[in-house]
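Please look over the sequence and the model before reading on.

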Amino acid sequence: MQQNFVLKIAKESLSGLKSNTLITHIKNIKITANLEIVNHLLKVSFDILIPTKLQPDVIWHTLDDNSFQQKDFLWEDTCLECFIGDITHTEYIEINASPKGYFSIYHFDDYRTPKSMPPRALAINSTENAIISWQKQTDTYQRTFMFDMDNLPNHLKSATLFNPTLILYLKNNHLPLFFAKEQATPADFHDQNFWIPISD
């Protein structure tokens with residue numbers, strides 16, 4: 001299975017901005033997400049095109065081997081995300097990945113449940129949590145990570161719902177821009193009504 005998604009900015013991300021030039025630059029951001037599943041390995045790729053004049057204002061990080069470790073609250077900075085669920089269950093997984101290499105994988109029983117912060121990590125046994133791996137890339141604004149779907153809970157091993165998303169922060173006032181193929185208003189990436197059904 002392989003599928004591309006064009007991610008669109010949430011309307012409220014632009015509300016309150018007073019600079020028409022800044023709004024124009026933000027509207028010209030182009031983001032494509034690609035999902036590919038081969039032998040139970042999920043590959044999630046983001047290709048981000050940021051206007052040259054906007055690049056100095058965007059919070060982005062260089063991929064760093066020393067940052068390939070779990071870290072919570074990544075959504076408080078620029079964050080690549082992918083939600084995985086199934087149309088027959090409320091249970092779902094949220095993968096967060098920093099462009100720098102940090103990651104977290106959370107396991108929910110239902111909409112934002114349990115409500116603990118940080119959310120519950122996806123465990124694969126009593127001592128280990130699930131992880132992702134990164135693919136080396138040379139383009140500054142491209143990132144690809146892989147996740148072994150055999151580590152999903154039993155209900156989700158044949159997942160049919162996916163939602164690749166991105167939170168891109170601007171340095172000015174630490175302003176978040178929310179991107180998804182489809183999304184609720186206000187933006188809520190956890191709302192499965194806006195996730196994309198995919199099957200082999």
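## The largest pocket

How many nonpolar, polar and charged residues does the lining of the largest pocket have? The lining has 11 nonpolar, two polar and five charged residues.

This is a predicted model. Its largest pocket has a volume of about 320 Å³. Of the 18 lining residues, Trp-75, Glu-81, Glu-94, Arg-112 and His-190 are the closest to the centre. Strand 4 supplies at least two residues of the lining, and so does strand 9 (161-170).

## Glu-81

Glu-81 belongs to strand 4, which covers residues 79-86. Glu-81 is also among the lining residues closest to the pocket centre. The residue is buried, yet Glu-81 has no salt bridge. The nearest side chain of opposite charge is that of Arg-112, 8.4 Å away.

Glu-81 touches Phe-46, Trp-75, Glu-94, Ile-95, Asn-96, Asn-163, Pro-164, Thr-165, Ile-167 and Phe-189.

## Phe-108

Phe-108 sits in strand 6 (residues 103-108). Is Phe-108 buried or exposed? Phe-108 counts as buried because its relative accessibility is 4%, and the cut-off for buried is under 20%.

Beyond its neighbours within four places in sequence, Phe-108 is in contact with Glu-91, Tyr-92, Glu-94, Thr-113, Pro-114, Pro-119, Arg-120 and His-190. Met-146 is 38 residues from Phe-108 along the chain, and their C-alpha atoms are separated by 20 Å.

Definitions and conventions. Residues numbered from 1 in each chain as written. Predicted model: local features only at pLDDT ≥ 70, side-chain atom pairs only at ≥ 80, totals over all residues. Heavy atoms only, no water. Helix = DSSP H or I, 4+ residues; strand = E, 2+ residues; numbered from the N terminus. Buried < 20%, exposed > 50% of the residue type's maximum accessible area, 1.4 Å probe, protein only. Lys, Arg positive; Asp, Glu negative; His and termini not counted. Salt bridge = Lys/Arg side-chain N within 4 Å of Asp/Glu carboxyl O. Contact = heavy atoms within 4.5 Å. 1 Å grid on protein atoms, 1.4 Å probe; cavity = no way out; pocket = protein on both sides within 12 Å on 5 of 7 lines; lining within 4 Å. Points joined across faces, edges and corners; volume = space filled by probe spheres on them. Nonpolar A, V, L, I, M, F, W, Y, C, P; charged D, E, K, R; others polar.
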